[in-house]
Amino acid sequence: MTAESERIREVTLTEYDVAGYEFLLAGTDALMRATDPVYGRMRRVPMDVVSPVSVDVGEGRAVRVEPIDASSWISFDVGEAIAGERQLLLSEMAFLAQRQLAAIMSGFYSHVGEVAEAVGNTVSGPMSWDLIIDALERVDLVFRDDGEHGGMIVMNQQTYARLVRQGPPTAAQQARVDDILRRKREEFDARRRRRSVSRDGH
């Protein structure tokens with residue numbers, strides 16, 4: 001929501017409408033975050049102007065990222081609301097959350113794909129553990145002090161089902177994953193030490 005739309009809303013809606021709008025906004029967002037773990041990690045920040053941004057992918061190149069347009073509608077029965085019932089409203093909010101997620105996450109993954117393609121962090125082929133491990137080698141990971149990283153694999157249900165049918169990773173595949181994570185942790189620690197030295201001025 002932009003600051004301008006916020007000002008328009010305050011002028012045009014009554015106090016009851018504003019309260020209902022805030023409930024709908026907060027409730028739908030909570031449903032979206034509970035439904036999609038990737039969306040759940042995204043931070044909401046106020047913006048005065050929604051405009052395209054450029055993502056620096058190195059070597060003087062940039063990828064232009066357009067804003068994601070996500071709009072929808074909701075309906076409910078006034079009589080039901082007056083009677084204190086809320087089944088229809090909650091059902092509509094659930095459908096609204098699904099529609100908003102479909103629009104937002106589709107645009108989000110499209111943007112991520114464009115950036116990944118630009119920097120060469122893409123792999124292709126039938127879904128398999130080897131393909132996932134190939135992708136793991138190409139990405140940068142951020143590690144916490146406990147040694148864990150925040151990496152996440154996201155796939156649709158059909159792709160996940162195909163992966164499950166292949167069974168768990170073999171011992172050789174797991175050993176390759178462990179080796180990649182060990183090397184990436186060492187690289188991350190080395191980068192962090194260099195940044196610390198630079199900040200201290202030594």
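**Briefing on a predicted protein chain**

Read from the N terminus, the elements of the protein chain follow the order α-α-α-β-β-α-α-α-α-α, which amounts to eight helices and two strands. The model is a predicted one. Of the 202 residues in the protein chain, 21% count as buried.

**Contacts and surface**
- Among contacts in the protein chain with a separation of 6 or more, 60% come from residues 24 or more positions apart.
- The protein chain has an accessible surface of about 14400 Å², and carbon and sulfur atoms account for 56% of that area.

- Asp 29 sits in helix H2, which covers residues 15-35, and it counts as buried because its relative accessibility is 12%, under the 20% cut-off.
- The side chain of Asp 29 makes a polar contact with the side chain of Arg 33 at 2.8 Å, and, when neighbours within four places in sequence are left aside, Asp 29 is in contact with Tyr 39 and Arg 44.

**Aromatic pairs**
- The count of aromatic pairs comes to two; in one of them, the ring centres of Phe 108 and Tyr 109 are 5.3 Å apart and the planes stand at 65 degrees, so this pair is edge-to-face.
- Phe 108 is partly exposed at 28% relative accessibility, and Tyr 109 is likewise partly exposed, with a relative accessible area of 33%.
- Phe 143 and Phe 188 form a tilted pair, with 5.8 Å from centre to centre and 55 degrees between the planes.
- Because Phe 143 lies in the loop between helix H6 (129-138) and helix H7 (157-165), while Phe 188 belongs to helix H8 (residues 171-200), the pair ties together parts that are 45 residues apart in sequence.
- Phe 143 is buried, with a relative accessible area of 5%, and Phe 188 also counts as buried, at 6% relative accessibility.

Terms used: Residues are numbered from 1 along each chain as its sequence is written. This is a predicted model: local features need pLDDT of at least 70, side-chain atom pairs count only at pLDDT 80 or more; totals for chains, interfaces and linings use all residues. Side-chain values use heavy atoms; hydrogens and water are left out. Helices (H or I, at least four residues) and strands (E, at least two) are DSSP runs, numbered from the N terminus. Buried means under 20% relative accessible area, exposed over 50%, partly exposed in between (1.4 Å probe, protein chains only). Contact means heavy atoms within 4.5 Å. Accessible areas come from the Shrake-Rupley method with a 1.4 Å probe; for residues, only the protein chains shown count as cover. A polar contact is a pair of N or O atoms within 3.5 Å; within protein, one must be able to donate a hydrogen and the other to accept it, and residues adjacent in sequence count only if both atoms are side-chain atoms. Rings of Phe, Tyr and Trp (its six-membered ring) pair if their centres lie within 6.5 Å; planes under 30 degrees apart count as stacked, over 60 as edge-to-face and the rest as tilted.
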